[in-house]
Amino acid sequence: MKVLGIMGSPRIKGNTDLLLDEALKGAKSQQAEVEKIVVDKLKITPCREYYGCLKDGNCVIRDDMDDVYPKLLEADGIIVASPIFFYGLTAQLKALIDRCQALWVRRYVLKNLPESTRKGVFIGVGATRGKQLFDGSRLTVKYFFQAFGVEYVDELLIRGVDKRGEIKEHPTALLDAFKLGSRLAQKIG
Ligand SMILES: Cc1cc2nc3c(=O)[nH]c(=O)nc-3n(C[C@H](O)[C@H](O)[C@H](O)COP(=O)(O)O)c2cc1C
């Protein structure tokens with residue numbers, strides 16, 4: 001049972017990073033094998049719409065996505081974690097997501113992506129408290145998952161947290177993240 005965490009913030013040991021670490025600890029507590037990708041450390045070119053993927057489902061751009069695709073396809077559970085930047089995900093994470101058009105092609109055009117029961121969850125954190133703060137990001141993550149056959153099953157959305165590491169002062173967030181990771185591992189176990 002493998003759980004992959006995708007850390008979308010450029011801020012190491014920031015709020016997203018700390019939340020994701022707790023969620024991965026929760027998954028590990030249920031005997032999941034966990035791995036974390038720090039997207040900002042990878043070289044990921046944004047999608048250029050060459051559409052080379054239409055031929056065989058493989059992107060024609062050679063960069064660090066070469067290592068990310070197999071991880072996305074092998075994980076039984078995926079945790080996407082991101083701060084909210086202008087009501088969306090970070091640009092780094094969005095570049096990774098857009099490059100998964102190649103997987104969308106496999107599933108919906110070439111129809112050669114095996115069906116699966118894999119599951120995914122979203123952790124979002126933002127500074128303000130608007131009702132719609134996570135609406136755009138939730139949709140993006142949901143359809144990112146759907147592109148390669150992962151069901152969006154759970155989420156943890158934290159409002160009102162801004163400074164680096166401020167999440168540690170939040171009364172419930174880190175424990176909630178641990179529980180989210182542990183629930184995910186139970187669902188895929
Ligand atoms: C470029 C940028 C855009 C942001 N846009 C929003 C926003 O639209 N809404 C919001 O509530 N917070 C916004 N924030 C605040 C971050 O979401 C917040 O500081 C978050 O806790 C950062 O998480 P991190 O420590 O994991 O990077 C923005 C921050 C930056 C740097």
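**Entry 1: loops.** I started with Lys111, which sits in the loop between helix 5 and strand 4 (118-125). I noted first that the model is predicted. The phi of Lys111 is near 55 degrees, a positive value in a residue other than glycine. Is Lys111 buried or exposed? I found a relative accessible area of 64%. The cut-off for exposed is over 50%, so Lys111 counts as exposed.

I then looked up Glu49. Its phi is also positive, about 55 degrees, and Glu49 is not a glycine either. Glu49 lies in the loop between strand 2 (33-38) and helix 2 (53-56). I read 61% relative accessibility there, so Glu49 is classed as exposed.

**Entry 2: nonpolar patch.** Tyr51, Leu54, Trp104, Tyr108 and Val109 make a nonpolar patch of about 430 Å². Which helix gives the most to the nonpolar patch? I found helix 5 (residues 101-109), with 3 residues. I checked Val109, which is in helix 5. Val109 has 41% relative accessibility, so I list Val109 as partly exposed.

**Entry 3: strand 3.** I turned to strand 3 (residues 77-83) and its cover. Of its 7 residues, 7 are buried. I sorted them by direction. Gly77, Ile79, Ala81 and Pro83 point one way, while Ile78, Val80 and Ser82 point the other way. Residues of both groups are buried.

Next I looked at the pairing. Strand 1 (residues 2-7) and strand 3 run parallel, joined by 5 bridges. Strand 3 and strand 4 also run parallel, and 7 bridges join them. I picked Ile79 to follow across. Ile79 is the bridge partner of Gly5. Ile79 also stands opposite Val121 in strand 4.

**Entry 4: helix 6.** I checked the length of helix 6 (residues 135-147).

I then listed the buried residues of helix 6. They are Ser137, Val141, Phe144, Phe145 and Ala147. Seen down the helix axis, these buried residues fall within an arc of 155 degrees, so they line one face of helix 6.

Last, I looked past the end of the helix. Gly149 follows helix 6, and its phi is positive, near 75 degrees.

Technical notes. Residues numbered from 1 in each chain as written. Predicted model: local features only at pLDDT ≥ 70, side-chain atom pairs only at ≥ 80, totals over all residues. Heavy atoms only, no water. Buried < 20%, exposed > 50% of the residue type's maximum accessible area, 1.4 Å probe, protein only. Helix = DSSP H or I, 4+ residues; strand = E, 2+ residues; numbered from the N terminus. Arc of directions from axis to C-beta. Patch = residues over 30% accessible without salt bridge, like charges linked within 9 Å, V, L, I, M, F, W, Y side chains within 5 Å. Areas by Shrake-Rupley, 256 points an atom, 1.4 Å probe, with all protein chains shown as cover. Salt bridge = Lys/Arg side-chain N within 4 Å of Asp/Glu carboxyl O. Pairing = 2+ DSSP bridges.
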